[in-house]
Amino acid sequence: MKVETNAGAVVTQVLSGEVWPPLSDRHAFRVDPDGRPFSLPGMGGVTLGVHCGDPATGYAGDHVEPGLSVRHRDPDANMALQFLTCVGNVVRVADGPAAGAEGFVIGQHAYVLVDLPEDRMQQVATGDGVTVFAVGQGLRLLEHPAIRVKNCSPDLVASMPGATLGDGRLEVHVAAVVPPEAVGAGSGMISEYANTDLMGAYAGLGDDLSLGLEGLRVGDLVALTDQDHSYGRGYREGHLTVGVISTGHCMLFGHGPGPSSLLSGPAEAFSVVVDQDANLGTFFAEGRS
Amino acid sequence: MTAGRLVANNLLGVVEHPSSGGHPYQVARSGESYVPVGDGGIVLGVDLGDGVFDHVADHAAPGVCLVHPDPAARASLTGLSCAGNLATVRSGGQAGATGVVIGKRGESGRVIVHFGDDVRAGLRPGDHVAVRAEGQGLALPEHPDVTVANLSPALLDRLPVRTGNGAVVVGVRCVLPSMLVGNGVGRPSVAWDIDLQVHADTAERWGAQELRLGDLVALSDVDARWNIGYRRGWTTVGIVVHGGSPLPGHGPGVTPILSGGPGTMVIDADARAHRGVTARVVEEVADARPGASR
């Protein structure tokens, strides 16, 4: 993004976390939109075979978290890890056979989610430690004071397509524009933690559930219409939030593929360009390898 | 009006004390910091019939919130208690006083009980209150396509809900679109309320400026049979159980009571004359109980 920032002033902290196992209880089943029970993989652990650019929906899974799902063992340290880690931050595997492998953060979902090359991902197991180079909170776009930057590493902002336009607006590229009806679980939560589930993307279920979002891909940038994520997540007519799809398919009703929040402000501060290449895998991951 | 005989469960609730982290402030939509007042526990001076934006408060309910120290027991207390259930104080200065459950709140779970202000003033956090929980499983045999939740038969009889020929007719204060559904979406409808993302400065835009505590409201394109979510053509009706909130994604809270697909309910919205759960209705429900003394 051709935009002036205060990147020189933001501070990096070295954080640690571990790949966290999937969690369950003895009741096992949850219910889908039609009241049918399911028990499916998705959250936690090492989710193989799903990377930026791959479809977000169409899996036999629930809350599919691509790649590594990372937490800190201490609850307070975990919140710091979740708040301070930003999309695009570098993550290095610290333990186990994949030690030294590098990946990057694709979002938050009550876990920090990390994409790694598939061959290195195959070597990771739950309990392996990772090191997160957390940088980005405090980042500002100097010529766009109405837009708040949320959870973006300076590298991500530099890599995103878009620029400051002559009329003062910020051009942003997104793969999809999301209507406010789609916003599900995550509304009312803080914008530095977890993400916003999008409904209307239950591929294969009823037409009355669809909002046309079944084509979303992991890593897609999306524009959330009438959403203000400046100080938490909520509906606000005339505001716009740009996010990145960091989690995939859900069977749980009221949930779905989830964008982590990146930029938020009045809609008139943005110029939105719909661009199928607006995906982390296109402009960020490839540039890093 | 049930598919089988309803089972009642006597549960124990404990009057909540508000709690806070080590930091006093919450952050409002505006970005301003504020100290949340009225967010749980015993709240005085807020009553059924008050406007949802009348008070300088955050999620303030017209009554008392009950919790339980054990998280699993708290979840059951929340999930099984229904609007219209009788609550009897068992300890402290108000032992023997009765109130009526009007709804519940989500996250960790709270049951909201309406007591008169005189009773509230004599209660203390930690006092024990028994809830005669009854209502989950309630159904409308003539209307199997309308799902009932969180509602006691005694309260259903006194709400503007008409069953019989054709669709169920429900009187509400207003109808709001699904995009205003905030915190509570994606959560189980027996355990959470639905916060409406409506605020004093946007209420008129949505025709919700007359919204009052205890009102019934209808939410279009919302299905709350299990989890709460978007489904085109469906309607969910609920009781307004707490007032507005400065938090983004939060606002007046609605305990869902009825959900149905296209054609199953006729919604009769009356912004001026609507009466849902009023102080009088709550009194009638309490008086109708065998052995209830007030």
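1. Throughout this note, two residues are in contact if their C-beta atoms, placed from the backbone, lie within 7 Å. On that criterion, and leaving aside residues up to four places away in sequence, Val113(B) touches Gly63(B), Val64(B), Leu66(B), Ala87(B), Gly99(B), Val100(B), Val101(B) and Val129(B).

2. This is a predicted model, in which local features need pLDDT of at least 70 and side-chain atom pairs count only at pLDDT 80 or more, while totals for chains, interfaces and linings use all residues. Residues are numbered from 1 along each chain as its sequence is written, and chains are lettered from A and ligands numbered from 1 in the order in which they are written. The model scores ipTM 0.92 and pTM 0.94; for chain B the mean pLDDT (the predictor's confidence in each residue, from 0 to 100) is 95, with 97% of its residues at 70 or more.

3. Chain B contains 4 helices and 18 strands, where helices (H or I, at least four residues) and strands (E, at least two) are DSSP runs numbered from the N terminus. Its C-alpha atoms fill a box of roughly 50 × 50 × 35 Å along the principal axes. The radius of gyration of chain B, 18 Å, agrees with the value near 19 Å that a compact globule of 294 residues would have; the radius is taken over C-alpha atoms, and the globule rule is 2.2 Å times the number of residues to the power 0.38. Among contacts in chain B between residues at least 6 apart in sequence, 72% join residues at least 24 apart.

4. A residue is called buried if 20 or more other C-beta atoms, placed from the backbone, lie within 10 Å of its own, exposed if 12 or fewer do, and partly exposed in between. Of the 294 residues of chain B, 54% count as buried. Leu66(B), which lies in strand β4 (residues 64–67) of chain B, counts as buried because it has 30 C-beta neighbours inside 10 Å. Beyond residues up to four places away in sequence, Leu66(B) has contacts that include Val15(B), Leu77(B), Val111(B), Val113(B), Val129(B) and Val131(B). By contrast, the C-alpha atoms of Leu66(B) and Gly49(B), 17 residues apart along the chain, are separated by 21 Å.

5. Which residues have the most contacts inside the largest nonpolar core? A nonpolar core here is a set of buried Ala, Val, Leu, Ile, Met, Phe, Trp, Tyr and Cys residues joined through C-beta atoms within 7 Å. The largest has 156 residues, and those with the most contacts inside it are Val114(A), Leu66(B), Val101(B) and Val113(B). β16(B) gives the most to this core, with 6 residues. A second, separate core of 5 residues includes Met251(A), Leu252(A), Phe253(A) and Trp226(B).

6. Chain A is divided into domain 1 (7–134) and domain 2 (148–288), with bounds that come from an automatic or database domain assignment. The centres of these domains, taken over C-alpha atoms, are 19 Å apart, and 37 residues of domain 1 of chain A are in contact with 41 residues of domain 2 of chain A. On the domain 1 side, α1 (75–84), β7 (102–108) and β8 (112–115) of chain A are the elements giving two or more residues, and β7(A) gives the most, with 4 residues. Within α1(A), Leu81(A), Gln82(A) and Leu84(A) are buried, and the buried residues of α1(A) pack against β1 (13–19), β7, β8 and β9 (129–134) of chain A.

7. For chain B, the assignment gives domain 1 (9–135) and domain 2 (146–280), with 20 Å between their centres, taken over C-alpha atoms. The contact takes 35 residues from each of domain 1 and domain 2 of chain B. On the domain 1 side, α1 (71–80) and β6 (98–105) of chain B each supply at least two residues, and the largest share, 4 residues, comes from β6(B).

8. Finally, as to the chains themselves, 27 residues of chain B are in contact with 27 residues of chain A. The elements giving two or more residues to the chain B side are β13 (183–186) and β16 (229–242) of chain B, and the largest share, 5 residues, comes from β16(B). By class, that side has 9 nonpolar, 11 polar and 7 charged residues, where Ala, Val, Leu, Ile, Met, Phe, Trp, Tyr, Cys and Pro count as nonpolar, Asp, Glu, Lys and Arg as charged, and the others, Gly among them, as polar.
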